[in-house]
Amino acid sequence: MPRTHVPVLAGELIEALDPQPGQVAVDCTVGAGGHARLVAERLGPAGLLVGIDRDPLAEEAFAELAAEVECRTRFIRADFAHGLEQLRDEGFEADLVYLDLGMSSMQVDTRERGFSYAYDAPLDMRMDPDQALTAAEIVNTWEPRRIARLLRDYGDERYADRIARGIGNRRATAPLTTTFELVDAITDAIPAPARFAGGHPAKRTFQAIRIAVNDELAQIDLALPRAWDLLSVGGTFAAISFHSLEDRRVKRFLADRTRGCICPPDLPVCGCGRTPQAELVFRRSVAPTAGEVADNPRSKSARLRAARKLTGEEVRS
């Protein structure tokens, strides 16, 4: 990636993590390496940065970074859930663990990978090009009812049924093989007055299919507790999300770890023995400034949440 790549909420993430010389940090979603570079520059020669990503382009970006920073580095080519599981099985501990969820600018801008509705490309959308499932398989082989459910659940698409039927009608003539063919099917299925009322008509459908191709939400559900397990007491966890399905999971996870006693309010003495396992770094999620959104429109929906680990004890429900 060109060095002009600017990571989203970079200053806010560094404020939350506050990387110090000699610390150990885990970047669970390296992408183009923007956040990783900012963290690595603060760890110094005694520090260690571990990068995790399933995308071979991210591995290339991390190798370039590793050659230019003073800290020690290690890269794990895996999705972040399995990468974190590997570190946990090794008994690894970290001072900082952070995730930048969703797809990276690097993936969007690699046109031939089919992540964007703005470029004509093969229907792919795989973050790991070695995996079998592609967007083309979903679009051309899944039952329309299943596609409609996918669009509702992962894209909050109000015209999910119409779009799914439109896809079914199109593929009955010939398979949909490119992003523009899918965009045409989506656009034709949506009533004309609504086609551009809330942004590009294909935005939600592309999001939903991408999430399904890469199993993104299940990845988050697995990764959050594994990331927390890696943290040493006093360590900091942070996550940047880009839509409500991601942010809701992070919010619930951190809320569960910041909760103390869950006994009924009329109980005179606590009987659950539960104490907070974490404290929030920010009371609410942090959004990009107007200036950042103006400079980088892709940052508009980003939200950052972070917490410090207070104890190594497991949450007791």
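This is a predicted model: local features need pLDDT of at least 70, side-chain atom pairs count only at pLDDT 80 or more; totals for chains, interfaces and linings use all residues.
Visitor: What are the ground rules here?
Guide: Local features need pLDDT of at least 70 and side-chain atom pairs pLDDT 80 or more, while totals for chains, interfaces and linings use all residues. Residues are numbered from 1 along each chain as its sequence is written, and side-chain values use heavy atoms, with hydrogens and water left out.

Visitor: Is Cys28 buried or exposed?
Guide: Cys28 is buried, at a relative accessible area of 1%. Buried means under 20% relative accessible area, exposed over 50%, partly exposed in between (1.4 Å probe, protein chains only). Cys71 also counts as buried, at 5%.

Visitor: Switching to helices. At what angle do α11 and α12 cross?
Guide: Roughly 25°, and the axes of α11 (residues 216-230) and α12 (residues 244-258) come within 10 Å. Helices are DSSP runs (H or I, at least four residues), numbered from the N terminus. Axes are lines fitted to C-alpha atoms over the stretch in contact, and angles run from 0 to 180 degrees between N-to-C directions.

Visitor: Which residues make the contact?
Guide: Among them are Ile220, Leu224 and Trp228 of α11 and Val250, Phe253 and Arg257 of α12. Contact means heavy atoms within 4.5 Å.

Methods: Helices (H or I, at least four residues) and strands (E, at least two) are DSSP runs, numbered from the N terminus.
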